[in-house]
2 protein chains.
Amino acid sequence: MDLAGRQLFALATDLVIFAFDGDALRLLLVRRGKPPFRGEWALPGGFLEHGETLEECARRELREETGVELRRLDQLSAFSTPGRDPRGNVVSIAYLALVRASNVLATAGSDAAEAAWREVDALPKLAFDHADIVEMARRRLADALYTTTAAFDLLPDSFTLAEAQTAFERVSRAPIDKRNFRSWLHKESRLRETGLARRGQHRPAKLYRLDQDQEPAQ
Amino acid sequence: MDLAGRQLFALATDLVIFAFDGDALRLLLVRRGKPPFRGEWALPGGFLEHGETLEECARRELREETGVELRRLDQLSAFSTPGRDPRGNVVSIAYLALVRASNVLATAGSDAAEAAWREVDALPKLAFDHADIVEMARRRLADALYTTTAAFDLLPDSFTLAEAQTAFERVSRAPIDKRNFRSWLHKESRLRETGLARRGQHRPAKLYRLDQDQEPAQ
DNA sequence: GCAAAAGTGTTATCCCTACACCCATGA
DNA sequence: TCATGGGTGTAGGGATAACACTTTTGC
């Protein structure tokens, strides 16, 4: 095994985790408990260890820092600008995931002093190059909106069509016509009625769930 | 600067470089001059050095190994399965690029014993997990075919519509209707007539070039 | 009965697809 | 004149986008 003479790097993962609170898209952030950028907000993440894949690392770090477990995790991009981490020679691979409801309690773990779900349209200043990473993630997410079922991962198991529409509007950052959205859903026939309804102040809204038969998606 | 205690890795880039010879899509391969996998075919690439970005590394390695220079280079994905490199603890970031004509001479440089353009549909067995990387690259390329101008990077500065169609067919791995392809090009109006024609055995074919005005694309 | 959100169809336009024949040239 | 690849248009079906009113409930 000769890696002799190779220049070595620390490898990190950074996670862009979005959730939808019924009204706004939110992003999971941690307040850094150690230098560099101690006390500032950053994406959750951490260092890769020997013998694990980047994806395993991402899941492990997220669990340790925030207690959040997730199903699907997509690789976004590697970030390697020299100097992006003041500790030097750290290359980071960013991952993107969506979670259902922000009630996955963001409890601070080891490395992170504090964790919180912040509205993506009102983010604090972020450490490192994390603002760039977040913007790339939002674009990636919006690009996949209508071609995968990814966005439904933002919704609870059963949801109303109005909730789904709002989630799509927040991801695409554009208003959507109610009737067109519903006929598109019908044409795609990715949803099943549950027979139940959500009762509120006004007329009850039917609850739907994703039709599992065709979930494979991309 | 404390990276103390961090487990370190060698970082490599692997390049998937496609060219179009007028008939088939071809992939740039090098025959490895050193272990591991000495003598086997592999993607060009090499190790990241301190102070450079991954993209800079990819360009440098390609230049050194094959003399090929390229404009645009897209990051594909990071590959981190433990054991993917027998030297251990090597994470690789794959890049994708397209070059005009395969007459960019693939001359072997330092690390590579030999370089060659091989038809993508008749590739030899590849070292490491490079076959997986190539397949991901082909899918990525096909996905972007009709939404970016990327595929025109495969063509010479001026080209006939038949040449463009063949390139699109090879990338998408599907036959394309001639009239539909041409009316799509017209609708997109990304091409400009040069006024010249390519003379051959039969009726001369008009030569076109990409309209620079709207090249930004994605 | 009133306020508020849920639910529902139609029309015009554009895009995609399928499909067949004449044209210009070199040999 | 013939063989070969270059070049051209249309019609039908499906998707998209714009648009407003009725229904059901809680208060």
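Which residues in helix 3 of chain A meet which residues in helix 4 of chain A? Before we get to that, keep in mind that this is a predicted model.

**Two helices in chain A**

- On the helix 3 side, the residues that make the meeting are A:L161, A:A162, A:A164, A:Q165 and A:F168.
- Their partners in helix 4 of chain A are A:K178, A:F181, A:R182, A:W184 and A:L185.
- Helix 3 covers residues 161–172 and helix 4 covers residues 178–188, and the two pack at an angle of about 105° with their axes 11 Å apart.
- Because angles of 65 to 115 degrees count as roughly perpendicular, helix 3 of chain A is roughly perpendicular to helix 4 of chain A.
- If you sort the residues of this helix contact by type, you get seven nonpolar, one polar and two charged.

**How the two chains are related**

- Turn chain A by 179°, shift it 0.1 Å along the axis, and it can be laid on chain B with an RMSD of 0.1 Å.
- That is the relation of a two-fold axis.
- Both copies use the same surface, since 100% of the contact residues of chain A recur in chain B.

**Where chain A meets chain B**

- The contact involves 32 residues of chain A and 32 residues of chain B.
- Between them, the chains bury about 3000 Å², with 61% of it on carbon and sulfur atoms.
- Within chain A, the residues that lose the most area to chain B are A:L3, A:F9 and A:H50, together 21% of what that side buries.

Conventions. Residues are numbered from 1 along each chain as its sequence is written. Chains are lettered from A and ligands numbered from 1 in the order in which they are written. This is a predicted model: local features need pLDDT of at least 70, side-chain atom pairs count only at pLDDT 80 or more; totals for chains, interfaces and linings use all residues. Side-chain values use heavy atoms; hydrogens and water are left out. Copies are superposed by least squares on the C-alpha atoms of residues with pLDDT of at least 70 in both. Contact means heavy atoms within 4.5 Å. Axes are lines fitted to C-alpha atoms, for helices over the stretch in contact, and angles run from 0 to 180 degrees between N-to-C directions. Helices (H or I, at least four residues) and strands (E, at least two) are DSSP runs, numbered from the N terminus. Angles under 35 degrees count as roughly parallel, over 145 as roughly antiparallel, 65 to 115 as roughly perpendicular and the rest as oblique. Ala, Val, Leu, Ile, Met, Phe, Trp, Tyr, Cys and Pro count as nonpolar, Asp, Glu, Lys and Arg as charged, and the others, Gly among them, as polar. Buried area is the accessible area (1.4 Å probe) that two parts lose on being put together, summed over both.
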